[in-house]
There are 2 protein chains.
Amino acid sequence: MRNILTTWSLASRTLQTSCRCLHTTAPVARALVQRKQPVMATTTTLKGAPFDRALLEQLMKRRLFYTPSFEIYQGQKGIETKGLFDYGPPGCALQANIVDLFRKHFILEEDMLEVDCTMLTPHEVLKTSGHVDKFADSMCKDPKTGEIFRADHLVEEVLESRLKGDKEARGQKAAGDATKEEDAKKRKKKVKEQQAIKLDDAVVQEYEETLAKIDNYNCEQLGELITKHNIKNPATGGDLNPPVPFNLMFETAIGPSGAAKGYLRPETAQGQFLNFAKMLEFNQQSMPFASASIGKSFRNEISPRSGLLRVREFLMAEIEHFVDPEGGKKHPRFEDVKHIKLSLLNRETQLSGKTDIETKSIGEAVESGLVDNETLGYFLARIYLFLTKLGVDQSKLRFRQHMANEMAHYAADCWDAELLTSYGWIECVGCADRSAYDLSVHAKKTGAPLVVRETLKTPLKIEEWAVDIDKKKFGPHFKKDGKAIETAINELAQDVRERLALDLRNDAKCTIPVPGVGADGSATVPAELLTIERRTRVENTREYVPNVIEPSFGIGRILYALIEHVFWTREGDEARGVLSFPPPLAPTKALIVPLSTHPDFAPLVRQLSAQLRRLGISNRVDDSSASIGKRYARNDELGTPLGVTVDFQSVKDNTFTLRDRDSLRQVRGSQEDVCEAIRRMCDGTEKWADVEARLPLFVGQELEEEAK
Amino acid sequence: MRNILTTWSLASRTLQTSCRCLHTTAPVARALVQRKQPVMATTTTLKGAPFDRALLEQLMKRRLFYTPSFEIYQGQKGIETKGLFDYGPPGCALQANIVDLFRKHFILEEDMLEVDCTMLTPHEVLKTSGHVDKFADSMCKDPKTGEIFRADHLVEEVLESRLKGDKEARGQKAAGDATKEEDAKKRKKKVKEQQAIKLDDAVVQEYEETLAKIDNYNCEQLGELITKHNIKNPATGGDLNPPVPFNLMFETAIGPSGAAKGYLRPETAQGQFLNFAKMLEFNQQSMPFASASIGKSFRNEISPRSGLLRVREFLMAEIEHFVDPEGGKKHPRFEDVKHIKLSLLNRETQLSGKTDIETKSIGEAVESGLVDNETLGYFLARIYLFLTKLGVDQSKLRFRQHMANEMAHYAADCWDAELLTSYGWIECVGCADRSAYDLSVHAKKTGAPLVVRETLKTPLKIEEWAVDIDKKKFGPHFKKDGKAIETAINELAQDVRERLALDLRNDAKCTIPVPGVGADGSATVPAELLTIERRTRVENTREYVPNVIEPSFGIGRILYALIEHVFWTREGDEARGVLSFPPPLAPTKALIVPLSTHPDFAPLVRQLSAQLRRLGISNRVDDSSASIGKRYARNDELGTPLGVTVDFQSVKDNTFTLRDRDSLRQVRGSQEDVCEAIRRMCDGTEKWADVEARLPLFVGQELEEEAK
C-alpha cells in the first residue's frame, strides 16, 4: 500500500508530477517511511474509542452531508461519475463555514486581495506554467476489455497481492490488513492474483524494494516493471498495452471555431499570477502583499477513490504571497506567531526512515534554518491556527517537510499540513516557497513586466566599466558586421571590459570575440571607434521579480478530515453518531424542539426561530411527534451544537432550556438570555462553560425524556 | 438593434432556444416592442445626471472591480479570451456580499436546502434535459477568413446597416443612433455595407419586418434570409457558408478512456433535480420545500459582448421550489408579501406593441390571474425585496411576463425581473413555473421514483369497475394471444368496462379490441374467464410528481446593473465617480485615515482597525501622504461608505470623526461609538440619519481639507 500523500499532493501536484520525470534519484528510505501507512489507519475518536469508518459513511449518507453525483444515472451507458460528489445541505453549510472562516482568518485579517478568476484557461497559459507537459500520470489499457489502469497503482496492487499470497502460504498474517469489508471487495477482484503462493526470498525482496520506490518510476520504467513481473489485468489475466502518460487536465475548446484549445484549471494559482501587475497597482505599489482565491479546480484522475479525498472536481483556496527575495523574506507579523509550537516531521528524519515528530516553536524552527524563512514560517503558524480554529484534533495534525526530490528544482522549501484520518496522514494544506518561478515564466512568455520597481531610499552608486561606441564611424567601418559587433561589445562582462580598456590604451585597438564574424570569429576595433572607461552610475530604482510563498488549501479534504476528527458515539448508543463541530463551524447552530405537538408551543417556537434568524443564526425547528431524545439524536448526527426546548414552563414565563450537544447539560434562561448565549457561542466569543457560569443549570423532564 | 432580453435570457435559455425551434408563430408585435431599445439606452444617475458608461468603465478598470481574463496573453496565437472576466478585490467582495445576502434572504430565511453539485455533467443527463438537442444558436462561417458569425446577429447587423444607409440617403437622422464612440467602431467594421444607398420602399418594409421577427427564425430560415438578401462577411464582402446550429455547451471527456462525454453545466438546476428524492428524505418527506444552489455555469457564446452581461463563465444562484400541483400552488407565507407593489409589464401589453407598466400589489396580480399562482407570486415579491435590499434603483426595476412563444410548452407562467441599464432592460432574474417537466423526464429516463408519496388524512374511497381474470383458464384458452389480451383488458377505460360488464351479464361473453389479434383485431372472452364488477377501493396514499417554481439569478448581471444604479459623480468633480453601495453590500466598509503621517496617529489607527476586524467589518487603512480629500476620493470610487479620521484631538481624547460617503457629513464619537455605529450600518439595522441623531455633528478641519 503506497502512502497517499505522495500522490494526493495538492499544492505541489505539478511539482511532484514533474519530479517523477525530472528527479529520479529514488530515496528508498523516504518511500519506505511513507509505506508504513496501512490502508485503514487505526485511529481513535475524540473519546478514545476505535474509529469506525463504515459507521461514519452511513451517517454521511443518511444525513446527506455528501452523495455521489448523478447517482440515479449510474449504470446508464457511457456514464462516468466516479470522483464526482454533490454536497447536501449539511455538507454545503459546513463548506460555507470553512470558507467563511478562511476569509476572516486570512483575507480580512491580513488585507489580502481576493480575486475570482475563470476556470476556463487557454492552452498557452498552462503550457507556459508546465501543466500541459508535466501534469500527467501513467496509464495502461487492456486492449480487450477497454479497462484502464493507473500504472503505478496496478503494479502496486499486483505485487502487494502476490506478497500477501506469499505470507499466507508461509502461514503469516499479512500486516496492515484491510477491514473485512474491503477485503471481501478486493478478493472478488483479484481471484486470479490473490492466491497463497510462496515466493522465493529474492523475489520477495525485489518486490518490496520496487514497492518502496513506486513513486519514483517514470512511465517507461513502469512499463519495464509490468513486462518484467508479467503483470496482467488482475480480473481477466489479459495482456495490457504499455503505459502512456495521461494528462490530468480536462480539455475543451473555447469559442465557436473549436481551434482555441483550453482546459479547466487544475489549480487556482495561475489567474493570480497573471493579474500580478494589476494587483500591485491596486495595492498602490506596496510590497509585500498577498492575493487569495477560493474556487473549484479540476483533475481528471485516472481512478478516483477514497471518497472526498481524491475527486475530479474540488474546492480549493490558494494564497499567493508576493515577497521581495532580498532581505531574508522577513514577515512584519512574525513576532505575533513565533511562540506557536508545531509538530514537525523534517526532511532528515524521513530520509533516515523514521516518522518522529519534533515539537518546536516556529520561531526556533526558522532560527535554526529548518524552516527556510520567516514568511514561510509565518504561514505555517497561521495555517496551524486556522486548522485548530476549525476544530481539527491537534494530536492528528503534523507538518511534514518535502524532501528535495519531492520539490521542483526552483522551490526553496515546502511543508504540508497533514491530518491523520482512517486513510492515513492526508495532505490537506501545502505551503511552498515557489521562488520567482511562476512570475518569471509568464513574463518571459508574454513580455509583460511582472516585476516590482522600487524607488531606492539611498540611490545606489555603481562603479563600472562603461563602453561608448562612436556610432557615426562604427557603422561605415564594419558595414554588415556592425550590428553583431556592437551587440557583442555591449554584452561584454566587467572583467573583460577592464582588460580591453587596457588593450585600447596600450595598443590603440582591441580584439573582441564575435561568433560568425571574420575568419576566427573575432573583430578588431580601433580605439577611435570605442572608449571603455571606469565610471560611476547612480541607480534610483531597483527592479525585481517577487518570490511567491503559496499556502494552498484543499477544502474538501479539510472538511472530510474534520468530520472524522469530530465524530464519536455515545456510550450505550454506538449505532448513532455525534459530530462535535465547534459552534462557529456547525452547519446548523440550534435545534428548536417543542416538548410535544401541543398548540400552545407553536407561537413560542416561531418567535424563537425568527429571533435567531435576525441574529443570522441558522436554526431548525423539529416539531415532529418523535420523542425529544430521537429528535436530538438526529441533530447530534447533523452536528447541531445547541438545542432549545420549549415546554409548559416556557408558555408561562417565556423561559427555555438550552442544551449542550457534547455534555448533554442544560441551562435555563429567558428568550433573550438563550439567544444571546447561542450568538456568543456561534461567533466564538464564549464556550459552554461560560454560559453555564452565567445561567442556572436545569435538570428537568427533558433529561428523563431523553432516556426513553 | 435587437433587444438583448430575448437572447440573454438566463433562467429560460433552454426554453427560449427551444422556442426558436418549436414555436414559430412569430409575434411581430412583441418583437417590435422589444426592438424599441436603443444600443445605448439613455439612463440617468441617481442624482439625475446623464449616465456616462465610458466613465464608469474607466473606474471599473482603475479600481480593479473586474478585468478581462488572461489579458497579458492576448494576441498570442490560438488564444480565445473573449467573454471571460476576472473579478479583482472590490468586485470579488461585492460578489461575496451579494451571495451572502442571497443566503440570508432566501436560504436561511426560508429553510431552503442548499446543495453544491458538480459542474462536470455527463452527456446523458443533459441529453435528457433537452440541452444536447436544443441549447444552440446558429452560426455561419466565412470559409476564406475563418471568421464565425452568429447568424441572427449578422442578418440584423447587415439589414440595420442598410436601413441606416437608406435613411442617410433620404437625409433623415437614423433613430436610436448609437453613441459617437460606438458609431466610430461600427463604421470601421462596416465599410462595405454602411453606405448612403436609398432602398425601395418595399425593401425597407421587408427589412423592417424581418428584423422585427429576427428571434423567431430557425437555423434554416436564417440561411434563406442570408441567401435572399445577399448577406456577406461585412468586413470583406466574402461569401459565407450556410448557418449551422452550434451547441453552447463546453464539451469535455470525463475519465481516462475519453469515451464518456460530458459538459460543463449550462445552469445549476439539473443537480438539484437529480437529488430530489434524497432531499425529500432529508426534509423528512415534508412538502413543499425548496433547494438552492450557488455556483458557476458555462455557455460557449458565439460572440460574447457587452462586458459582464454576456460571458462564457458566470455565477448563478438558482432555487428550485417543489410544490404539490394540486390545490392551486398556494404558499403558506403569501400573506406576508401580498401587499407588496410591483411594476409589471404583462403579456398582453407587449403583444399590443406597448411597454406600459402597471403597478399592482402581488396579491391583486395573483387574484386577477395575471400571475399564475401564489407560489410564483410569492417569489416575485421576494425577488423584489432582495433586489431592493441590494440597492438597485426601484425606478429601474420591472417584472416582464414571458409571452406564450417565449416559454417552453410545459411552462405555466414565467416572469423576468429586469433592471434598466445603459444596455437597455436586462433580464437579471428569471422566475418560471416549470410544471413537472424536469422531474418527469429524469424519472422516465432513469426509472428513479422522483415523486412524493403522501399519506392521505382521510383515505380515498374510489368506486370503480374492477376486472378479474381467471388466470388458470385464461392462458390455456387464448394460448399465444393470452398476454396481449390480458394487457388490453387491464387497460380498458371505466366507461368501456361498464359497457362490457353489461355484455358479460347479457351475452355471457364480450368482445375486446386487441390490435393484432384475430382477423379483425379483437378477441371474444367468455364470462367464465372474466368478471367485471363495481367495487369500492380504498387509497391511503397519493403519489404525485411535484411542480417546480424556479427563480434563477444571474449574479454577474445583478452585480453589473447594481454598479450602474449606484454610480454618480459629485458636482464639480465629474471625472471621479462615487459608488453608493448600501453599507451591507459595500466591498470595504470603512476607510481609516490619519490626518497626516505623524507617528502619534499610528497606534490609534492600528487599534481602530483591529477592533473593526474583530467585529467582522472589512476596513482599509490609508496612511499615505496624499491629502485626505484625495484619499477619500479613491474610496468613493471603491464605494466605501464610511470613513474614520484620526486627528490630533483623537490622540488627546480617543474620539474620532465618522464620515458619510454620500452626504459628506461627519459626526464625532469615542472609538466605541464610532465602531458601534459602523457595525449597525453594516448589518443594516441603522441608517446614517440614525447615527446623526445619536452622535454630535462635526464640522472641522477635514471638511476644509477635503476642498483642497
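1. Is helix α17(A) largely enclosed by the rest of the structure or exposed? Enclosed, going by this predicted model: 15 of the 17 residues of α17(A) are buried, so the helix is largely surrounded by the rest of the structure.

2. The length of this helix checks out too. α17 covers residues 374-390 of chain A, and at 1.5 Å a residue its 17 residues should span 24 Å; the end C-alpha atoms are 24 Å apart, so the two agree.

3. Have a look at both ends of α17(A). Just after the helix, A:G391 has a positive phi of about 110 degrees.

4. Now for the interface. Chain B puts 85 residues in contact with 85 residues of chain A. About 7300 Å² is buried between the two chains, and carbon and sulfur atoms give 62% of that. On the chain B side, B:Y73, B:P256 and B:F282 lose the most area to chain A, together making up 10% of what that side buries.

5. Between chain B and chain A, 32 residue pairs are in polar contact, and six salt bridges cross the interface. One of the salt bridges joins B:K278 to A:E71, with the closest N and O atoms 2.4 Å apart.

6. As for what makes up the chain B side, helix α5 (residues 89-108) of chain B supplies the largest share, seven residues. By class, the side touching chain A has 39 nonpolar, 22 polar and 24 charged residues.

Methods. Residues numbered from 1 in each chain as written. Chains lettered and ligands numbered in written order. Predicted model: local features only at pLDDT ≥ 70, side-chain atom pairs only at ≥ 80, totals over all residues. Heavy atoms only, no water. Helix = DSSP H or I, 4+ residues; strand = E, 2+ residues; numbered from the N terminus. Expected span 1.5 Å × (residues − 1). Buried < 20%, exposed > 50% of the residue type's maximum accessible area, 1.4 Å probe, protein only. Contact = heavy atoms within 4.5 Å. Buried area = accessible area lost by both parts, 1.4 Å probe. Salt bridge = Lys/Arg side-chain N within 4 Å of Asp/Glu carboxyl O. Polar contact = N/O pair within 3.5 Å; in protein donor to acceptor, adjacent residues only side chain to side chain. Nonpolar A, V, L, I, M, F, W, Y, C, P; charged D, E, K, R; others polar.
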